[in-house]
Amino acid sequence: MRFRPWSRAARRWLAFAIVLAAAALQPVRSQSSGPSLPVIHVDNGPNSAAAQQAHYVVLVSLDGFRWDYARKFGARHLLQLGKEGIWAPGGMLPSYPSLTFPNHYAIVTGLYPEHNGLVANGFYDETKNARFAIADSAALTDGSWYNGVPLWSLAESQGMRSACFFWPGSEAKIAGFRPSYYLHFDDKIDDGARIDQVLAWLRLPAADRPHFITLYYSEPDREGHEFGPEAPQTRAAALKVDGLVGRLKSGLDATHLPIDLVVVSDHGMTKTEDGWVNLDQFADLSGFQTDGMLLYGRSEEDRARVYNQLKHASEKFVAWRRKDVPAGLHYNENLREGDPVIVATGAYAIRPHGPPPGAEDRPPAAGMHGLDPLRAPEMKASFFAAGPDIMAGKTVAPFENVNLYPWLAHLLGLQSPKSDGSINVLSETLRDGGDVAAK
Ligand SMILES: [Zn+2]
């Protein structure tokens with residue numbers, strides 16, 4: 001599998017799924033003031049009196065917006081947002097593996113992928129004897145694949161309404177809740193219409209108005225893969241989404257609501273080195289289930305054998321028995337990670353098998369991600385935020401993205417459960433210093 005979180009097949013499949021879903025799902029109540037989009041409304045009741053007093057958070061993700069794109073490409077709206085509030089000029093550290101689903105879900109749960117359940121964009125679960133794949137809408141909408149309490153469920157459980165204009169996990173019922181408003185993923189939905197919908201949500205009556213809102217754009221990840229991180233097409237895509245952030249910011253300002261706008265990305269991008277690395281040229285993988293770089297042996301004997309075949313096989317990857325994966329990667333205690341675990345040492349496109357003899361093989365994409373961000377700084381993500389609860393004109397040193405969870409919960413005045421993140425990491429960016437009593 002290529003390092004493409006939204007492959008062409010996935011996009012086509014999801015486009016088809018949305019047609020079915022739109023036909024099958026009658027929204028409980030239609031949006032009266034918003035654009036005509038297939039928004040699904042779940043009636044979780046009105047905002048509590050306390051929630052109505054809370055501030056708002058709009059969390060935007062620009063997929064694959066590498067930490068240095070804003071300055072490198074002159075993304076003036078993002079840089080302005082950072083100037084008004086805070087930003088991470090040295091980038092934000094994604095969790096390993098630096099892939100789309102694991103990191104979007106780490107941001108909204110405060111849990112490393114091995115704790116939040118999404119250890120990759122696709123993986124096998126031995127206990128379920130089933131696979132999770134982002135093109136499989138049955139898995140995508142099945143809450144049993146997801147651990148933790150995503151921010152929208154946290155908000156809903158505390159009497160606060162939430163809305164997701166796309167976010168990995170937002171189509172499933174998790175920790176007992178769905179967002180009050182959400183859509184099935186369809187990347188064909190117009191960029192501007194997404195912003196109009198967010199603004200329409202913020203015009204709803206106070207009782208129904210969501211306080212936590214997510215918004216997602218799949219660019220510039222797509223261009224980064226196709227053309228590489230330095231390409232003019234990638235620059236154009238980065239500047240396009242920067243313009244959308246500017247448009248959103250103007251719209252949010254015009255509501256005069258107390259909104260903290262937080263713009264992040266899930267990971268960076270690097271130029272792919274060389275061609276494919278096929279693991280089966282070094283090891284006999286017969287009897288193994290595989291998914292991307294993940295290897296699932298049938299027996300301890302198989303796992304030990306393949307580990308021994310792979311451990312000194314190449315400079316391009318390191319092989320570990322799962323229990324021995326270095327603690328800093330947080331990738332050694334979930335069965336879904338497989339065993340042995342393969343970690344690339346550079347921007348190498350690693351897969352278990354090449355195509356069958358005679359079948360067509362395409363070279364890897366020009367750009368890739370998924371690497372250990374400590375080995376490959378190109379993996380670092382972006383972070384910008386401004387609003388009434390956030391200090392102005394501050395910068396933050398690189399920090400792990402799991403720390404956003406308690407911070408975002410604090411902005412909303414929510415009590416957050418224990419996670420892998422800590423409010424202390426970003427407390428200096430908060431006007432109230434992260435003091436819970438002050439909220
Ligand atoms: Zn990608």
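The chain has 439 residues, for which a compact globule would have a radius of gyration near 22 Å; the value found is 21 Å, which agrees. The radius is taken over C-alpha atoms, and the globule rule is 2.2 Å times the number of residues to the power 0.38. The model is predicted: local features need pLDDT of at least 70, side-chain atom pairs count only at pLDDT 80 or more, and totals for chains, interfaces and linings use all residues. Residues are numbered from 1 along each chain as its sequence is written.

The C-alpha trace spans about 60 × 45 × 40 Å along its principal axes. The chain contains 13 helices and 19 strands. These are DSSP runs, numbered from the N terminus (helices: H or I, at least four residues; strands: E, at least two). Of the 439 residues, 50% are buried. A residue is buried if 20 or more other C-beta atoms, placed from the backbone, lie within 10 Å of its own. Two residues are in contact if their C-beta atoms, placed from the backbone, lie within 7 Å. Among contacts between residues at least 6 apart in sequence, 75% join residues at least 24 apart.

Domain 1 covers 38-270 + 376-438, and domain 2 covers 277-364. These bounds come from an automatic or database domain assignment. The domain centres, taken over C-alpha atoms, lie 31 Å apart. At the interface, 15 residues of domain 1 are in contact with 14 residues of domain 2. On the domain 1 side, strand E4 (residues 122-125) gives the most, with 4 residues. By class, that side has 7 nonpolar, 4 polar and 4 charged residues. Nonpolar means Ala, Val, Leu, Ile, Met, Phe, Trp, Tyr, Cys and Pro; charged means Asp, Glu, Lys and Arg; the others, Gly among them, count as polar.

Definitions and conventions: Buried ≥ 20, exposed ≤ 12 C-beta atoms within 10 Å, placed from the backbone.
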